[in-house]
Amino acid sequence: SLDAILSEGDCAKKEGDSRKTLPTSVIYQLLRKRAKARQFRDFEYADDLRAQLEAGGVMVDDETKTWTCRDGRMGSTDGKKDRKAFWGNEMTQTKKPGDWNCDNCGALNFARRGECFKCQAPKPPHLR
């Protein structure tokens with residue numbers, strides 16, 4: 001829950017401000033969920049995620065596609081502009097059972113894919 005995250009020690013605090021803000025990794029996790037909710041037109045859930053971000057000290061500006069935190073951190077909410085920060089990398093992505101890494105380019109692919117989404121290399125035979 002958001003309260004549990006805010007009570008953890010890795011949350012940022014601006015000097016002189018007793019309110020804690022969300023860790024950057026959690027901010028991007030919530031932003032990714034919000035982007036997916038908006039993509040699937042689940043605006044009620046997207047609004048709930050926005051409220052969670054605001055409760056954690058993060059203001060989202062959909063017009064400029066940016067987020068700012070009361071402790072001074074900021075970033076993009078546009079997954080195309082800041083791809084690595086927004087979508088993460090192999091270390092930050094959650095790999096589900098059956099997902100596979102491409103032997104050719106290293107991209108993480110969903111289990112259902114028969115070829116790499118990035119370079120179109122075939123799924124390794126031992127994973128089929």
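Trainee: To begin, where is the place of Gln120?

Mentor: Gln120 sits in the segment after β5 (108-109), where strands are DSSP runs of E with at least two residues and helices are runs of H or I with at least four, both numbered from the N terminus. This is a predicted model, in which local features need pLDDT of at least 70 and side-chain atom pairs count only at pLDDT 80 or more, while totals for chains, interfaces and linings use all residues. Residues are numbered from 1 along each chain as its sequence is written, and side-chain values use heavy atoms, with hydrogens and water left out.

Trainee: What is the phi of Gln120 like?

Mentor: Gln120 has a positive phi of about 65 degrees although it is not a glycine, and at 45% relative accessibility Gln120 counts as partly exposed. Buried means under 20% relative accessible area, exposed means over 50%, and partly exposed lies in between, with a 1.4 Å probe and protein chains only.

Trainee: And Lys65, where does that one lie?

Mentor: Lys65 lies in the loop between β1 and β2, and it has a positive phi of about 60 degrees without being a glycine. Its relative accessible area is 43%, so Lys65 is partly exposed.

Trainee: Stepping back, which pattern does the protein chain follow?

Mentor: Along the sequence the pattern is α-α-α-β-β-β-α-β-β, from 4 helices and 5 strands. Of the 128 residues in the protein chain, 31% are buried.

Trainee: Let's take α3; which of its residues are buried?

Mentor: Ala46, Leu49 and Leu53 are buried in α3. Seen down the axis of α3, the buried residues fall within an arc of 60 degrees, so they line one face of the helix; the arc is that of the directions from the helix axis to the C-beta atoms.

Trainee: What do those buried residues pack against?

Mentor: The buried residues of α3 pack against α2 (24-39) and β1 (58-61), with contact taken as heavy atoms within 4.5 Å. After α3 comes Gly57, whose phi is positive, near 85 degrees.

Trainee: New topic: how many aromatic pairs does the structure hold?

Mentor: The structure holds 1 aromatic pair. The rings of Tyr28 and Trp67 have their centres 5.7 Å apart and their planes at 85 degrees, so the pair is edge-to-face. Rings of Phe, Tyr and Trp (its six-membered ring) pair if their centres lie within 6.5 Å, and planes under 30 degrees apart count as stacked, over 60 as edge-to-face and the rest as tilted.

Trainee: Where do Tyr28 and Trp67 lie, and are they buried or exposed?

Mentor: Tyr28 lies in helix α2 and Trp67 in strand β2 (residues 66-69), so the pair ties together parts that are 39 residues apart in sequence. Both Tyr28 and Trp67 are buried.

Trainee: How many residues has the largest nonpolar core?

Mentor: The largest nonpolar core has 12 residues, including Leu22, Tyr28, Leu49, Val60, Trp67 and Cys69. Such a core is a set of buried Ala, Val, Leu, Ile, Met, Phe, Trp, Tyr and Cys residues joined through side-chain atoms within 4.5 Å. The elements giving two or more residues to this core are α2, α3, β1 and β2, and α2 gives the most, with 5 residues.

Trainee: What about Leu22, where is its place?

Mentor: Leu22 is in the loop between α1 (2-7) and α2, and it is buried, with a relative accessible area of 0%. The C-alpha atoms of Leu22 and Cys69, 47 residues apart along the chain, are separated by 8.5 Å.
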